[in-house]
Amino acid sequence: MYMFCVSLSDSIAIDYKSPDAIALESVSAHLHKSLTADDHGLVRAHVRGINFRLLDCRQKIPMSGNEERTFIAIKPDGVQRGLIGEIIKRFEQKGFKLVAMKLLQADEDLLRQHYCGLKDRPFFPGLVSFMSSGPVVAMVWEGFNVIKTGRVMLGETNPIDSKPGTIRGDFCVQVVRNIIHGSDSVESANGEINLWFKPEEISDYTKCQDSWLNG
């Protein structure tokens, strides 16, 4: 089944689903108008004075050079408190795309590699022990400036310093239970994604909303 996002204006979007293999002909017949496609799989038509812009979701729209990926992990306290859905909702509503996710019980070897930059800190053993005490949700999110924006959405490491409206500002009170981790740079994001995910576990796909978010 092929799905086309049909926009009637800048603020209205509806989905048109075609069940047959010749999706463009089907949509053309429905609209009683021939359609033309450009190089990016975008289909345009002019019907009854309304400009239609149809996005074929089978096509991969080239990403901007500023597109990037970040690693986000919901810690055991966030999982136990039932905040998985709330956190995912915030990233989705912001406009970022989830390209990988799994629930797992991280072992200490994985966590020592993940937090290797903190290995000389006195709280390191306790951090590893806590992070291995229950399941975590590991995710990869994709989007424009997602690393920096993701960190802003998380809030400060210490919830006391986090503003209301951020994840930690809304849901945390103690730095030792700050429920979520996010990459702080392109380098750390690449390292963390490669540490937690195999290449085949990361999906590469286009969402119909991408053109409305990024132009």
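How many bridges join β7 to strand β8? Seven do, with β8 covering residues 136–144 and the two strands running antiparallel. Strands here are DSSP runs of E with at least two residues, helices are runs of H or I with at least four, and both are numbered from the N terminus; two strands pair if DSSP finds at least two bridges between them. The model is a predicted one, with local features needing pLDDT of at least 70, side-chain atom pairs counting only at pLDDT 80 or more, and totals for chains, interfaces and linings using all residues. Residues are numbered from 1 along each chain as its sequence is written, and side-chain values use heavy atoms, with hydrogens and water left out.

The β7–β8 pair belongs to an open sheet of four strands, ordered β7-β8-β6-β9 with antiparallel pairing. At the edges sit β7 (97–104) and β9, each pairing on one side only. From one strand to the next, the twist averages 20 degrees. Helix α3 (residues 84–94) packs on this sheet and touches β6 (67–74), β7, β8 and β9; contact means heavy atoms within 4.5 Å. The direction of α3 makes about 10 degrees with that of β8, where axes are lines fitted to C-alpha atoms (for helices, over the stretch in contact) and angles run from 0 to 180 degrees between N-to-C directions.

Within the sheet, Thr-70 has its place in strand β6. Thr-70 counts as buried because its relative accessibility is 1% (buried is under 20% relative accessible area, exposed over 50%, partly exposed in between, using a 1.4 Å probe and protein chains only). Neighbours within four places in sequence aside, the contacts of Thr-70 include Met-139, Val-140, Trp-141, Ala-189 and Ile-193. Asn-145, in the loop between β8 and α6 (146–154), is partly exposed at 29%.

As for open space, the largest pocket holds about 680 Å³. Of the 27 lining residues, Lys-75, Tyr-115, Leu-118, Phe-123 and Leu-127 are the closest to the pocket's centre. At least two lining residues come from each of α4 (108–114), α5 (124–131), β9 (180–182) and α8 (186–196).

Technical notes
1 Å grid on protein atoms, 1.4 Å probe; cavity = no way out; pocket = protein on both sides within 12 Å on 5 of 7 lines; lining within 4 Å. Points joined across faces, edges and corners; volume = space filled by probe spheres on them.
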